Amino acid sequence: MSTRTYYDPLHQSIKLSSSIPEEKMVMELIDSSPFQRLRRIKQLGPAYLTFHGAESSRFTHSLGVFHIARRAINHLSEMNSRLKEHKFILYGAALLHDLGHGPLSHTSEEIFKIKHEEWTAKLINSNQEITMILNKYGKGNAKAISDLIQSRKASEKSIISLISSQLDCDRLDYLMRDSYTTGARYGQLDIDRIISAMIIAPDGDLAIHPKGLMAVEHYLVIRNLMYRSVYNHRLNEVCNWLLEQIIKTARKIGPKKVWADGNMSEWLWNHEEMSLESFLSNDDIVTCYHINKWQYSSSDNLSNLCKRFINRNLLKALNLSSFSLEIRLEALAKARILSEKYYMEPDISCGLREQVVKSYHPYKYGLRLWDGENLQALEEVSPLVERLIEPNQSSWLIYPKEIESELKIEIENLKMKHN
């Protein structure tokens, strides 16, 4: 028998024992090369350029998700002992749910046009090392886990909800972890209260006991604040837009004029048929190495973009969220004209980043309150949650600082014109 302990800044000690079969499986999965790759992928992508402490990895986050899932199922098993039979599937899904993330996490989905859930399922089903470990502890485990992650399929509804819902283990960990690493104070969740309030509803799905209502309301408010203050922070939007332009420009120039190793070439010009080996070969280190090399490219556009990112010479961003779409588009056109006036390429110096986020989505695996007699949708019980259904839209106009004073005058003129 062997034991190991991972010391975590949020959860303190995460202990594993090989005498417990499902935990022995987790230990083997952690030691696999595809999971170790997650050490080299930042949880918050380029957000470290905005929040200097945001250096945590997908590896650390995935361990945290497993830990919360283990706590939750141990609690729920006291109400439904059958859930103990699903520990292998739950632990595997919780630990591996982010296995398919590309470089810089969610940013790679925008810049490389991949879906991390699809790649997670591919790796679980097709990577020999991962598949062998999973199926060693139960025939068909790999397929069951990939189905749970990608398609929300499982025999127990509550297991699905712990992996993918409005209150899943993934969200609980990343809100606390991202708040901790960025220095934001919003993510102080009452995780003990939330887990203790989890119950099984009559239909077998997850529900919340009324004693946990305020803790869940607090969690949903925190999610709203974290999106507004961290995930959609103006500089984070600028960094993501900048990375998108770097990859778009490199792709446009083409393989004959842009240096890339064999694996990165697949990511750039053959991503729809990319092999598992090429996928796993790319991480933050590899992508940032290429960006570092490209700053010496013969293409001025690619070189300038890469130098901006590497040296954190970021573009400016102006909040246009309160303006109509017509004014936003006109403002972008004005910015492009002004950029050309200063001999800057408008395609790589001006842009519009728009996001729509719902802090709570009642129709997408929404939460219910169960007091032993009545089962009610959370928004029917809580006016606060009902208000959080309203979507938040952010719109950032990205532009070079050289045109700032003139651009603000132009936007004031646009406001007067449309009033």
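**Entry 1: the second largest pocket**

I looked up the second largest pocket and found about 290 Å³ of space in it. I keep in mind that this is a predicted model. Which residues sit closest to the centre of this pocket? I noted Leu10, Met176, Tyr180, Gly187 and Gln188, out of the 16 residues that line the pocket. Next I checked the elements behind the lining of this second pocket. Helices α3 (58-76) and α10 each give two or more residues to the lining. Which element gives the most? That is α10, with three residues. I then sorted the lining of the second largest pocket by class. I wrote down seven nonpolar, seven polar and two charged residues.

**Entry 2: the largest pocket**

I moved on to the largest pocket. How much space lies in it? The value is about 1400 Å³. I found 45 residues in its lining. Those nearest the centre of the largest pocket are His106, His116, Tyr174, Arg223 and Tyr227. I also listed the elements that give two or more residues to this lining. They include the helices α5 (106-111), α6 (116-126) and α8 (141-151). Helices α10 (169-182), α12 (213-231) and α13 (234-253) are on the list too. So is a strand, β6 (351-357). By class, the lining of the largest pocket has 12 nonpolar, 18 polar and 15 charged residues.

**Entry 3: the hairpin of β1 and β2**

I turned to the strands β1 (residues 3-8) and β2 (residues 12-17). They pair in the antiparallel sense over six bridges. How many residues does the hairpin use to join β1 to β2? The link runs through three residues. I picked one bridge to look at. Tyrosine 6 has isoleucine 14 in β2 as its partner.

**Entry 4: a sheet of three strands**

I followed another sheet next. It is open, has three strands and runs in the order β5-β9-β6. The pairing in this sheet is antiparallel. Which strands are at the edges? They are β5 (316-319) and β6, and each of them pairs on one side only. Neighbouring strands of the sheet are turned by 25° against each other on average, direction ignored. I looked at one pair in detail. Strand β5 and strand β9 (residues 392-399) are joined by four bridges in the antiparallel sense. Alanine 317 stands opposite isoleucine 398 in β9.

Last, I checked two helix pairs. I began with α16 (residues 284-294) and α17 (residues 300-310). Their axes come within 8 Å and cross at roughly 125°. Why do I call α16 and α17 oblique to each other? An angle over 145 degrees would count as roughly antiparallel, and 65 to 115 as roughly perpendicular. The angle here is roughly 125°, so α16 and α17 are oblique. Their crossing is left-handed.

Then I took α13 and α17. The axes of α13 and α17 are 9 Å apart, and the helices pack at about 155°. That angle makes α13 roughly antiparallel to α17. The crossing of α13 and α17 is left-handed.

Methods: Residues numbered from 1 in each chain as written. Predicted model: local features only at pLDDT ≥ 70, side-chain atom pairs only at ≥ 80, totals over all residues. Heavy atoms only, no water. 1 Å grid on protein atoms, 1.4 Å probe; cavity = no way out; pocket = protein on both sides within 12 Å on 5 of 7 lines; lining within 4 Å. Points joined across faces, edges and corners; volume = space filled by probe spheres on them. Nonpolar A, V, L, I, M, F, W, Y, C, P; charged D, E, K, R; others polar. Pairing = 2+ DSSP bridges. Axes fitted to C-alpha atoms, helices over the stretch in contact; angles between N-to-C directions. Parallel < 35°, antiparallel > 145°, perpendicular 65-115°, else oblique. Left-handed = near helix turned anticlockwise from the far one by under 90°.
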